[in-house]
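This report looks at charged side-chain pairs. Please inspect the sequence and the structure first.

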Amino acid sequence: MNSFVLSILVGSAIIGALCAIMGVFNLLLKRPLIADSIAHATLPGIALGFLLFNEKNILILFIGACTTSMLSIFYSDWLKRKSKLKNDSIMAIGLSTFFSIGLCLVSYVQNQNSGKQTGLENYLFGNASSLNIDEMMYASIILIALLAIFAIFHKRFQLVLFNIDYAKSIGLNSTLYLFLISLFSVLAIALSVKAMGIVLASALLISPALAMRYWRTRFVWLFILAGVVGAVTASFGAYLSYAYNNTPTGSAIVLSLFIFVVFSVAFGNSGGLIKAFYQQRSRRRKIIAENVLKLFYYSQKEHVDGESYFTESALLDSDRINENDLKKGLKILTRKGIISFANGKYKPSPEGWEYTLSLVRRHRLWELYLTHKLNLDAFHVHQDAEMAEHLITEKIEAQLLRYLDNPDTDPHNQQIP
């Protein structure tokens, strides 16, 4: 790998890390659309910078992009104060307004036919190979400054992001920290549009942050890991763009980000689909097993001989459960050793019987709580208790007993075991 390719990968990684970290800030502030608004607002600034100085000086174009992007934020804030529009509507208005102005200016620049405007199209579609050492240096300085500020003031940022009203009440200058977030977001986007393209630059800001929300992590680590993901995916996308010459850089990076986002949504340990599926499946199996376990209590009470062993048909005769759920529940309980099976009949183990009594007790305590403390009608609390009994823990059960003064019967005058 030659030094030119290595410099492209390093530059893309720095920009990717910077954008990803700022994406976490904006996602926690519940304004992900601001990335799109900022990215589209860079176009008129880039075109104006070229028109005013008639050259593609990197610093001039960067300052122009930052200026119009900040104007778009101020414009959005002004609309928010002066109108009743929602944030997404305001962002959409700002995005379309500034992008339309930018397209008109770029069209004017292209019609000049001076030849100096060659390369401006990189800002529209993205081209990591056009990154130069100056842009990499600017990105490095801004990233270091951001990390230094965040390391010093991360607790204050945390207050502003999660409880801005409390931050204001203790005298914290929340306006300053919100301004810093907006400023660094603008700087990050302005640097990324050349590599990503204006249309796709916002993906580099939001996608890593969105993916990391599916992984349970502490506040500071959320930023660090998002930065690492942004750096790796941006660098990998830039390499794909270099390896396959016909692939736009922005598209390659977004594709890399998309793969990681899909992986996070599927396998993330905090809200991931697969974990959620197994948790839901586990809860459903637990409820079925506990409903079957209660059948032994009711069947034994209803049986004239007080019999302890019951066949499937005897348990099914109670009409409290369907056949499929009964078979599933018996299988689960037998496998866990909560009930025993012999000669075609089932019986709870001593531990299983205590578990059964606890389920019935929680059901009847909750009915009593709803009727005596919330003044609900006794005929309307059974269904609520059916759901609550599976959620009440031993600690809550003990608290209910103390709160209700260790009652003997439920609202239906049935004994509480």
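Aspartate 410 is buried, at 3% relative accessible area (buried means under 20%, exposed over 50%, partly exposed in between; 1.4 Å probe, protein chains only). The model is predicted: local features need pLDDT of at least 70, side-chain atom pairs count only at pLDDT 80 or more, and totals for chains, interfaces and linings use all residues. Residues are numbered from 1 along each chain as its sequence is written, and side-chain values use heavy atoms, with hydrogens and water left out.

Aspartate 410 forms a salt bridge with arginine 364 (a side-chain nitrogen of Lys or Arg within 4 Å of a carboxyl oxygen of Asp or Glu). Aspartate 410 sits in the segment after α17 and arginine 364 in helix α15 (residues 350-372), so the pair ties together parts 46 residues apart in sequence. Helices here are DSSP runs (H or I, at least four residues), numbered from the N terminus. Arginine 364 is also buried, at 5%.

By the salt-bridge rule, the count is seven.

| Pair | N to O distance |
|---|---|
| Aspartate 410 – arginine 364 | 3.8 Å |
| Glutamate 386 – lysine 294 | 3.2 Å |
| Lysine 294 – glutamate 389 | 2.4 Å |

Lys294, Glu386 and Glu389 are linked in a network. Lysine 294 is buried, at 4% relative accessibility. Lysine 294 lies in helix α12 and glutamate 389 in the loop between α16 and α17 (394-403), so this pair ties together parts 95 residues apart in sequence. Glutamate 389 is buried, at 1%. Glutamate 386 is partly exposed, at 22%.

How values were computed. Helices (H or I, at least four residues) and strands (E, at least two) are DSSP runs, numbered from the N terminus.
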